[in-house]
Amino acid sequence: MTHYPVPDAYQAWCWEQGSSALSLVPRSVSRPMLQPDEVLVRNHVVGLNPVDWKALGARLAPWAPGHVPGVDGVGIVVATGRAVDDEWLGRRVAYHQSLMRPGSYAEYTPVRRRALIGIPRTLDFETAASVPCPALTASLALAKLPSRAGAGLLIAGAGGGVGNYLVQLAVARGFSLTAMCHERHWMRLRSMGVQDCVRGPLPSGVALPDALEKRFHAVIDCVSADHAAALVPALKANGHIVCIQNRLTEWPDPPFTRCLSVHEVALGGLHEYGDDADWHDLTTTGHRLMACLAEQALVPENTIIREFSDLPTLLNDLEHRQFSGKALIRVSSVEEA
(Lines give C-alpha, C1' and ligand atoms only; values in the text may rest on other atoms or scores of the structure.)
Protein backbone atom coordinates (compact mmCIF):
# COMPACT_ATOMS: atom_id res chain seq x y z
CA MET A 1 0.00 0.00 0.00
CA THR A 2 1.32 3.41 -1.01
CA HIS A 3 0.04 6.44 0.82
CA TYR A 4 0.41 10.01 1.98
CA PRO A 5 0.81 10.45 5.74
CA VAL A 6 -2.39 9.17 7.38
CA PRO A 7 -3.04 9.12 11.14
CA ASP A 8 -3.48 5.82 12.96
CA ALA A 9 -6.92 7.02 14.13
CA TYR A 10 -9.39 9.68 13.02
CA GLN A 11 -12.78 11.13 13.90
CA ALA A 12 -16.08 9.69 12.75
CA TRP A 13 -19.77 9.76 13.61
CA CYS A 14 -20.85 6.25 14.59
CA TRP A 15 -24.17 4.48 14.97
CA GLU A 16 -24.58 2.69 18.30
CA GLN A 17 -28.34 2.17 18.57
CA GLY A 18 -31.68 3.80 17.86
CA SER A 19 -33.25 5.35 14.77
CA SER A 20 -32.61 9.04 15.48
CA ALA A 21 -29.82 10.99 13.82
CA LEU A 22 -29.34 12.75 17.14
CA SER A 23 -28.20 9.40 18.59
CA LEU A 24 -25.06 9.31 16.43
CA VAL A 25 -21.92 9.34 18.59
CA PRO A 26 -18.50 10.91 17.82
CA ARG A 27 -15.75 8.32 18.01
CA SER A 28 -12.07 7.92 17.23
CA VAL A 29 -11.78 5.01 14.78
CA SER A 30 -8.67 3.13 13.71
CA ARG A 31 -7.22 3.50 10.23
CA PRO A 32 -8.36 0.48 8.19
CA MET A 33 -6.11 -2.01 6.46
CA LEU A 34 -6.98 -1.48 2.80
CA GLN A 35 -8.03 -4.40 0.63
CA PRO A 36 -6.08 -4.73 -2.64
CA ASP A 37 -8.82 -3.02 -4.69
CA GLU A 38 -9.48 -0.17 -2.23
CA VAL A 39 -8.28 3.39 -1.79
CA LEU A 40 -8.49 5.63 1.26
CA VAL A 41 -10.23 8.94 0.66
CA ARG A 42 -9.65 11.92 2.93
CA ASN A 43 -13.12 13.41 2.94
CA HIS A 44 -13.55 17.11 2.32
CA VAL A 45 -17.36 17.31 2.00
CA VAL A 46 -20.09 14.78 2.80
CA GLY A 47 -23.49 14.78 1.11
CA LEU A 48 -26.49 13.88 3.28
CA ASN A 49 -29.34 11.91 1.69
CA PRO A 50 -32.72 10.52 2.81
CA VAL A 51 -31.31 6.99 2.69
CA ASP A 52 -28.87 8.01 5.45
CA TRP A 53 -31.59 8.63 8.05
CA LYS A 54 -33.77 5.80 6.72
CA ALA A 55 -30.93 3.35 7.40
CA LEU A 56 -30.56 4.34 11.06
CA GLY A 57 -31.76 1.73 13.50
CA ALA A 58 -30.86 -1.09 11.09
CA ARG A 59 -34.02 -0.37 9.07
CA LEU A 60 -32.22 -0.98 5.77
CA ALA A 61 -29.01 -2.72 6.84
CA PRO A 62 -28.06 -4.92 9.85
CA TRP A 63 -25.37 -2.73 11.37
CA ALA A 64 -23.32 -3.58 14.39
CA PRO A 65 -22.71 -0.86 17.02
CA GLY A 66 -19.83 1.35 15.96
CA HIS A 67 -20.73 1.36 12.27
CA VAL A 68 -19.91 4.59 10.39
CA PRO A 69 -22.91 5.59 8.22
CA GLY A 70 -23.00 7.78 5.10
CA VAL A 71 -23.11 6.91 1.39
CA ASP A 72 -21.86 10.07 -0.38
CA GLY A 73 -18.53 11.83 -0.03
CA VAL A 74 -15.84 13.73 -1.93
CA GLY A 75 -12.19 14.30 -1.18
CA ILE A 76 -8.62 13.32 -2.01
CA VAL A 77 -7.18 9.82 -2.47
CA VAL A 78 -4.40 9.54 0.12
CA ALA A 79 -3.65 5.80 0.05
CA THR A 80 -4.05 2.90 -2.39
CA GLY A 81 -4.30 -0.85 -2.04
CA ARG A 82 -1.68 -2.94 -3.79
CA ALA A 83 -3.91 -3.62 -6.83
CA VAL A 84 -4.68 0.07 -7.41
CA ASP A 85 -2.46 2.19 -9.65
CA ASP A 86 -0.51 4.85 -7.74
CA GLU A 87 -1.75 7.38 -10.30
CA TRP A 88 -4.88 7.66 -8.14
CA LEU A 89 -2.90 9.21 -5.31
CA GLY A 90 -3.81 12.86 -4.88
CA ARG A 91 -6.81 12.61 -7.22
CA ARG A 92 -10.02 14.55 -6.44
CA VAL A 93 -12.84 12.00 -6.30
CA ALA A 94 -16.46 11.49 -5.39
CA TYR A 95 -18.04 8.17 -4.44
CA HIS A 96 -21.25 6.39 -3.48
CA GLN A 97 -20.58 3.89 -0.69
CA SER A 98 -22.41 0.68 0.24
CA LEU A 99 -24.61 0.90 3.35
CA MET A 100 -22.75 -2.14 4.69
CA ARG A 101 -19.25 -0.66 4.45
CA PRO A 102 -17.55 2.07 6.52
CA GLY A 103 -19.28 5.24 5.36
CA SER A 104 -18.56 8.87 4.63
CA TYR A 105 -19.38 10.29 8.09
CA ALA A 106 -15.68 10.30 8.89
CA GLU A 107 -12.44 12.11 8.15
CA TYR A 108 -11.36 9.13 6.02
CA THR A 109 -13.29 6.43 4.15
CA PRO A 110 -12.04 3.22 2.45
CA VAL A 111 -13.67 2.95 -1.00
CA ARG A 112 -13.39 0.34 -3.73
CA ARG A 113 -11.50 1.65 -6.75
CA ARG A 114 -14.37 0.85 -9.12
CA ALA A 115 -16.72 3.21 -7.24
CA LEU A 116 -14.54 6.32 -7.70
CA ILE A 117 -15.79 9.23 -9.81
CA GLY A 118 -13.20 11.74 -10.94
CA ILE A 119 -13.98 15.40 -10.23
CA PRO A 120 -12.98 18.04 -12.81
CA ARG A 121 -10.46 20.57 -11.50
CA THR A 122 -12.88 23.39 -12.26
CA LEU A 123 -15.68 21.95 -10.09
CA ASP A 124 -15.72 22.79 -6.38
CA PHE A 125 -15.99 20.06 -3.76
CA GLU A 126 -19.32 21.34 -2.43
CA THR A 127 -21.09 21.02 -5.78
CA ALA A 128 -19.45 17.64 -6.43
CA ALA A 129 -20.69 16.31 -3.08
CA SER A 130 -24.27 17.09 -4.06
CA VAL A 131 -24.10 14.81 -7.10
CA PRO A 132 -23.69 11.05 -6.45
CA CYS A 133 -26.92 9.81 -4.85
CA PRO A 134 -29.49 12.16 -6.45
CA ALA A 135 -27.93 12.60 -9.90
CA LEU A 136 -26.94 8.95 -10.40
CA THR A 137 -30.39 7.84 -9.21
CA ALA A 138 -31.97 10.18 -11.75
CA SER A 139 -29.75 8.81 -14.51
CA LEU A 140 -30.59 5.19 -13.62
CA ALA A 141 -34.31 6.01 -13.57
CA LEU A 142 -34.23 7.53 -17.05
CA ALA A 143 -32.17 4.61 -18.35
CA LYS A 144 -35.21 2.40 -17.72
CA LEU A 145 -37.20 4.29 -20.36
CA PRO A 146 -36.95 3.87 -24.14
CA SER A 147 -36.24 7.12 -25.93
CA ARG A 148 -39.03 8.59 -28.01
CA ALA A 149 -38.83 12.26 -28.95
CA GLY A 150 -41.81 14.21 -27.67
CA ALA A 151 -43.17 11.37 -25.51
CA GLY A 152 -45.06 12.56 -22.44
CA LEU A 153 -43.31 12.05 -19.09
CA LEU A 154 -44.80 12.85 -15.69
CA ILE A 155 -42.33 13.30 -12.81
CA ALA A 156 -43.91 13.28 -9.35
CA GLY A 157 -41.82 14.92 -6.64
CA ALA A 158 -40.00 16.94 -9.28
CA GLY A 159 -39.10 19.69 -6.79
CA GLY A 160 -36.68 17.52 -4.79
CA GLY A 161 -33.03 16.61 -5.22
CA VAL A 162 -33.52 13.66 -7.57
CA GLY A 163 -36.21 15.64 -9.39
CA ASN A 164 -33.79 18.50 -10.02
CA TYR A 165 -31.60 16.20 -12.14
CA LEU A 166 -34.46 14.14 -13.57
CA VAL A 167 -36.04 17.23 -15.08
CA GLN A 168 -32.85 18.47 -16.73
CA LEU A 169 -31.79 15.06 -18.05
CA ALA A 170 -35.30 14.25 -19.31
CA VAL A 171 -35.56 17.55 -21.17
CA ALA A 172 -32.18 16.85 -22.77
CA ARG A 173 -33.51 13.48 -23.98
CA GLY A 174 -36.46 15.14 -25.68
CA PHE A 175 -39.35 14.17 -23.41
CA SER A 176 -42.40 16.40 -23.16
CA LEU A 177 -42.29 16.98 -19.45
CA THR A 178 -44.96 17.53 -16.79
CA ALA A 179 -43.79 18.17 -13.21
CA MET A 180 -45.95 17.32 -10.19
CA CYS A 181 -44.78 19.20 -7.10
CA HIS A 182 -45.42 22.17 -4.82
CA GLU A 183 -46.08 25.48 -6.57
CA ARG A 184 -42.94 27.07 -5.09
CA HIS A 185 -40.87 24.98 -7.55
CA TRP A 186 -42.83 25.78 -10.71
CA MET A 187 -40.95 28.86 -11.90
CA ARG A 188 -37.57 27.17 -11.47
CA LEU A 189 -38.68 23.99 -13.24
CA ARG A 190 -40.24 25.86 -16.13
CA SER A 191 -36.94 27.68 -16.60
CA MET A 192 -35.35 24.23 -17.05
CA GLY A 193 -37.75 23.26 -19.84
CA VAL A 194 -40.75 21.75 -18.06
CA GLN A 195 -43.82 22.30 -20.22
CA ASP A 196 -46.55 21.84 -17.62
CA CYS A 197 -46.72 21.90 -13.81
CA VAL A 198 -49.44 20.38 -11.62
CA ARG A 199 -49.95 20.47 -7.87
CA GLY A 200 -48.68 17.53 -5.90
CA PRO A 201 -48.04 15.16 -4.37
CA LEU A 202 -51.59 13.79 -4.37
CA PRO A 203 -53.09 13.64 -0.88
CA SER A 204 -53.57 10.09 0.42
CA GLY A 205 -56.80 8.60 -0.92
CA VAL A 206 -57.29 11.33 -3.55
CA ALA A 207 -57.72 10.07 -7.12
CA LEU A 208 -55.70 11.34 -10.05
CA PRO A 209 -57.40 14.31 -11.75
CA ASP A 210 -59.28 13.32 -14.93
CA ALA A 211 -57.19 15.77 -16.95
CA LEU A 212 -54.07 13.64 -16.31
CA GLU A 213 -55.54 10.24 -17.19
CA LYS A 214 -54.11 8.30 -20.16
CA ARG A 215 -51.76 11.15 -21.10
CA PHE A 216 -48.25 9.82 -20.52
CA HIS A 217 -45.81 7.39 -22.05
CA ALA A 218 -44.04 7.17 -18.68
CA VAL A 219 -44.28 8.19 -15.03
CA ILE A 220 -41.34 8.53 -12.63
CA ASP A 221 -42.46 8.73 -9.00
CA CYS A 222 -40.13 10.15 -6.31
CA VAL A 223 -42.73 10.11 -3.51
CA SER A 224 -43.80 6.63 -2.32
CA ALA A 225 -45.12 3.27 -3.48
CA ASP A 226 -48.70 4.27 -2.70
CA HIS A 227 -48.29 7.51 -4.61
CA ALA A 228 -46.85 5.65 -7.60
CA ALA A 229 -49.86 3.32 -7.59
CA ALA A 230 -52.19 6.33 -7.62
CA LEU A 231 -50.45 7.60 -10.78
CA VAL A 232 -51.00 4.43 -12.83
CA PRO A 233 -54.17 5.84 -14.50
CA ALA A 234 -51.97 8.57 -16.02
CA LEU A 235 -50.33 6.01 -18.32
CA LYS A 236 -51.22 5.11 -21.87
CA ALA A 237 -50.94 1.63 -23.37
CA ASN A 238 -47.47 0.07 -23.17
CA GLY A 239 -46.43 2.75 -20.72
CA HIS A 240 -43.72 2.66 -18.07
CA ILE A 241 -43.78 3.48 -14.37
CA VAL A 242 -40.51 3.95 -12.47
CA CYS A 243 -40.49 3.89 -8.66
CA ILE A 244 -37.65 5.64 -6.83
CA GLN A 245 -39.06 5.64 -3.28
CA ASN A 246 -39.93 2.02 -2.51
CA ARG A 247 -41.75 -0.09 -5.12
CA LEU A 248 -45.21 -1.20 -6.13
CA THR A 249 -46.28 -4.13 -3.97
CA GLU A 250 -48.79 -5.44 -6.52
CA TRP A 251 -49.00 -5.39 -10.30
CA PRO A 252 -50.99 -2.21 -11.00
CA ASP A 253 -53.32 -3.43 -13.79
CA PRO A 254 -55.20 -6.57 -14.84
CA PRO A 255 -53.48 -8.69 -17.53
CA PHE A 256 -53.68 -7.51 -21.14
CA THR A 257 -55.00 -4.02 -20.40
CA ARG A 258 -52.42 -1.20 -20.40
CA CYS A 259 -49.60 -3.78 -20.68
CA LEU A 260 -47.35 -1.72 -18.45
CA SER A 261 -43.66 -2.08 -17.66
CA VAL A 262 -42.89 -1.56 -13.96
CA HIS A 263 -39.40 -0.52 -12.82
CA GLU A 264 -37.64 0.12 -9.53
CA VAL A 265 -34.44 2.08 -8.92
CA ALA A 266 -31.97 1.26 -6.15
CA LEU A 267 -28.52 2.76 -6.58
CA GLY A 268 -27.21 0.72 -3.66
CA GLY A 269 -28.08 -2.54 -5.43
CA LEU A 270 -24.97 -2.22 -7.58
CA HIS A 271 -22.77 -2.79 -4.54
CA GLU A 272 -24.06 -6.34 -4.17
CA TYR A 273 -25.25 -7.25 -7.65
CA GLY A 274 -23.25 -5.06 -10.05
CA ASP A 275 -20.05 -6.15 -11.78
CA ASP A 276 -17.07 -4.07 -12.88
CA ALA A 277 -18.72 -3.24 -16.22
CA ASP A 278 -21.80 -1.91 -14.41
CA TRP A 279 -19.62 0.25 -12.19
CA HIS A 280 -17.64 1.52 -15.16
CA ASP A 281 -20.90 2.64 -16.77
CA LEU A 282 -22.06 4.30 -13.55
CA THR A 283 -18.83 6.14 -12.78
CA THR A 284 -18.50 7.23 -16.41
CA THR A 285 -21.99 8.68 -16.12
CA GLY A 286 -21.00 10.34 -12.84
CA HIS A 287 -17.94 11.94 -14.39
CA ARG A 288 -20.03 13.19 -17.33
CA LEU A 289 -22.53 14.75 -14.92
CA MET A 290 -19.69 16.41 -13.00
CA ALA A 291 -18.32 17.80 -16.25
CA CYS A 292 -21.76 19.18 -17.19
CA LEU A 293 -21.95 20.93 -13.82
CA ALA A 294 -18.45 22.35 -14.25
CA GLU A 295 -19.46 23.66 -17.69
CA GLN A 296 -22.75 25.01 -16.25
CA ALA A 297 -24.72 22.77 -18.61
CA LEU A 298 -26.51 21.36 -15.52
CA VAL A 299 -27.90 23.33 -12.60
CA PRO A 300 -27.15 21.88 -9.13
CA GLU A 301 -29.42 22.16 -6.12
CA ASN A 302 -29.02 25.02 -3.72
CA THR A 303 -26.86 23.80 -0.85
CA ILE A 304 -27.00 24.01 2.93
CA ILE A 305 -23.48 23.61 4.36
CA ARG A 306 -22.65 22.91 8.01
CA GLU A 307 -19.55 21.85 9.94
CA PHE A 308 -18.67 18.26 10.86
CA SER A 309 -19.78 18.79 14.46
CA ASP A 310 -23.28 19.69 13.19
CA LEU A 311 -23.80 16.48 11.18
CA PRO A 312 -26.40 14.77 13.42
CA THR A 313 -28.44 17.98 13.74
CA LEU A 314 -28.49 18.62 9.99
CA LEU A 315 -29.38 14.99 9.25
CA ASN A 316 -32.22 15.21 11.76
CA ASP A 317 -33.42 18.44 10.12
CA LEU A 318 -33.30 16.70 6.72
CA GLU A 319 -35.52 13.89 7.99
CA HIS A 320 -38.05 16.36 9.38
CA ARG A 321 -38.02 18.66 6.31
CA GLN A 322 -36.74 21.72 8.16
CA PHE A 323 -35.14 23.27 5.06
CA SER A 324 -35.11 23.15 1.27
CA GLY A 325 -31.90 22.31 -0.58
CA LYS A 326 -29.04 19.83 -0.57
CA ALA A 327 -27.54 19.14 2.86
CA LEU A 328 -23.73 19.08 2.96
CA ILE A 329 -21.18 18.68 5.74
CA ARG A 330 -17.72 20.21 5.53
CA VAL A 331 -15.19 17.73 6.97
CA SER A 332 -11.93 19.52 6.19
CA SER A 333 -10.80 22.63 4.36
CA VAL A 334 -9.34 22.51 0.84
CA GLU A 335 -5.93 23.42 2.26
CA GLU A 336 -6.09 20.58 4.78
CA ALA A 337 -7.30 18.08 2.18
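Okay, let's start with a word I'll be using a lot: a residue counts as buried when its relative accessible area is under 20%. Keep that in mind, and remember that this is a predicted model.

So, take Trp63. Buried or exposed? Its relative accessible area is 8%, so Trp63 is buried. Trp15 also comes out at a relative accessible area of 8%, so that one is buried as well. Where do they sit in the chain? Trp15 is in the loop between strand 2 and strand 3, while Trp63 is in the loop between helix 1 and strand 5, so the pair ties together parts that are 48 residues apart in sequence.

How many aromatic pairs does the structure hold? There are 3. Another one of them is Tyr10 with Tyr108, and that pair is tilted, at 5.0 Å centre to centre and 55° between the planes. Here Tyr10 comes from strand 2 and Tyr108 from strand 7, so parts that are 98 residues apart in sequence get tied together. Both Tyr10 and Tyr108 are buried.

While we're on strand 7, have a look at Thr109, which is found there too. With a relative accessible area of 0%, Thr109 is buried. Leaving out residues up to four places away in sequence, Thr109 touches a whole list of others, including Val39, Leu40, Val41, Tyr95 and Pro102.

Now a couple of arginines over rings. Arg91 lies over the face of Trp88, 4.1 Å from the ring centre. Then there's Arg92, whose charged end sits over the ring of Phe125, at 4.5 Å from its centre.

Last stop, the helices. In general, you describe two packed helices by the angle between their axes and the distance between the axes. For helix 3, residues 132-143, and helix 8, residues 276-294, the angle is about 115° and the axes are 10 Å apart. The crossing is right-handed. Who makes the contact? From helix 3 it's Ala135, Leu136, Ser139 and Leu140, and from helix 8 it's Leu282, Thr285, Gly286, Arg288 and Leu289. Sorted by class, that contact has 5 nonpolar, 3 polar and 1 charged residues.

Technical notes:
Residues numbered from 1 in each chain as written. Predicted model: local features only at pLDDT ≥ 70, side-chain atom pairs only at ≥ 80, totals over all residues. Heavy atoms only, no water. Axes fitted to C-alpha atoms, helices over the stretch in contact; angles between N-to-C directions. Helix = DSSP H or I, 4+ residues; strand = E, 2+ residues; numbered from the N terminus. Left-handed = near helix turned anticlockwise from the far one by under 90°. Contact = heavy atoms within 4.5 Å. Nonpolar A, V, L, I, M, F, W, Y, C, P; charged D, E, K, R; others polar. Phe/Tyr/Trp six-rings, centres within 6.5 Å; stacked < 30°, edge-to-face > 60°. Buried < 20%, exposed > 50% of the residue type's maximum accessible area, 1.4 Å probe, protein only. Lys NZ or Arg CZ within 6 Å of the ring centre and 35° of its normal.
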